[in-house]
Amino acid sequence: MTKIVIVATSAFDLKGHPTGLWLEECATPYYKFKEAGYEVVLASPTGGPVPIDASSMGGNHFNDDCKKFMHDKEAMGALSHSVKLDSVDLSSVDAIFFCGGHGTCVDFVEDVSIKSAIETLYESDKVVAAVCHGPNCLPQCTKKDGSPLVKGLKVSAFSDKEEDMAGLGDKCPFLLESKLRELGAEYVEGDPWTSTVSVDGKLVTGQNPQSSAATAEATIKLL
């Protein structure tokens, strides 16, 4: 059975701003992968309960997958007792998927377990995927030759325009689009809040919450 690890943030606060996981970016891929027949493991940097950003649980953000997830005992149980990422046997994993939320600005940017997991799987020609702020995990990663992992690759992630519209750019460690460009990535941008996905080899990235389904589908296609 194909095994995929969905990694969510453990952080609930960004410089005084309550945050966490953006639920759609976990719930929608979770059901896409389940429907594909995969074994799905929910993990986080520290393990245990994953905080959910309250802003993702209202209005249009709270889609049918989110509603289903919140009433799914198995799914919520896994999110409430997430596996610590560094305890996962990466040799048994076929793909890894990093979901977003501004919590990732705290614990995805410099994390030994995340860096190790990405570099190990990428070098093993396995799928590495991330959506929205999930690509905060990528700037710290390098290829075997020491160059940035994203250098020369097509990458999509939360755009500087979207960060400005969200009003939290001053709290982020860096603007994700700008950082990726700085590292030599070929940043691919769609209009704000519209689905945009980039696939380059085994790296799959999506721009925003609206890209959650398409990012998961592109991951499934590679698997």
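What follows is a working chat about a predicted model.

Trainee: Before we start, what should I keep in mind about this model?
Mentor: The model is predicted, so local features need pLDDT of at least 70 and side-chain atom pairs count only at pLDDT 80 or more, while totals for chains, interfaces and linings use all residues. Residues are numbered from 1 along each chain as its sequence is written, and side-chain values use heavy atoms, with hydrogens and water left out.

Trainee: Okay, which residues have the most contacts inside the largest nonpolar core?
Mentor: They are Val 5, Leu 85, Ile 96, Phe 98 and Ile 118, in a core of 33 residues. A nonpolar core here is a set of buried Ala, Val, Leu, Ile, Met, Phe, Trp, Tyr and Cys residues joined through side-chain atoms within 4.5 Å, where buried means under 20% relative accessible area, exposed over 50%, and partly exposed in between, with a 1.4 Å probe and protein chains only.

Trainee: And which elements give two or more residues to this core?
Mentor: Those elements are β1 (3–7), β4 (39–44), β6 (95–98), α5 (112–123), β7 (127–131) and α7 (176–182), and the largest share, four residues, comes from α5. Helices (H or I, at least four residues) and strands (E, at least two) are DSSP runs numbered from the N terminus.

Trainee: What does Leu 85 touch?
Mentor: Leaving aside neighbours within four places in sequence, Leu 85 is in contact (heavy atoms within 4.5 Å) with Val 5, Val 7, Ala 43, Ser 44, Pro 45, Ile 96, Ser 113, Ile 114 and Ala 117.

Trainee: Cys 132, then: where does it lie, and is it buried or exposed?
Mentor: Cys 132 lies in the loop between β7 and β8 (154–155) and is buried, with a relative accessible area of 3%. Its phi is near 60°, a positive value in a residue other than glycine. Most residues other than glycine have a negative phi.

Trainee: What about the phi of Trp 193?
Mentor: The phi of Trp 193 is near 65°, again a positive value in a residue other than glycine. Trp 193 is found in the loop between β9 (186–187) and β10, and with a relative accessible area of 33% it counts as partly exposed.

Trainee: Switching to helices, at what angle do α1 and α8 pack?
Mentor: Helix α1 (residues 24–35) and helix α8 (residues 212–222) pack at an angle of about 35°, with their axes 8 Å apart. Axes are lines fitted to C-alpha atoms, for helices over the stretch in contact, and angles run from 0 to 180 degrees between N-to-C directions.

Trainee: Which residues meet there?
Mentor: From α1, Glu 24, Glu 25, Thr 28, Pro 29, Lys 32 and Phe 33 meet Ser 212, Ala 213, Ala 216, Glu 217, Thr 219 and Ile 220 in α8.

Trainee: Last one, Ser 198: what does its side chain make a polar contact with?
Mentor: The partner is the side chain of Ser 156, at 2.7 Å. A polar contact is a pair of N or O atoms within 3.5 Å; within protein, one must be able to donate a hydrogen and the other to accept it, and residues adjacent in sequence count only if both atoms are side-chain atoms. Ser 198 is found in strand β10 (residues 197–200) and, at 4% relative accessibility, counts as buried.
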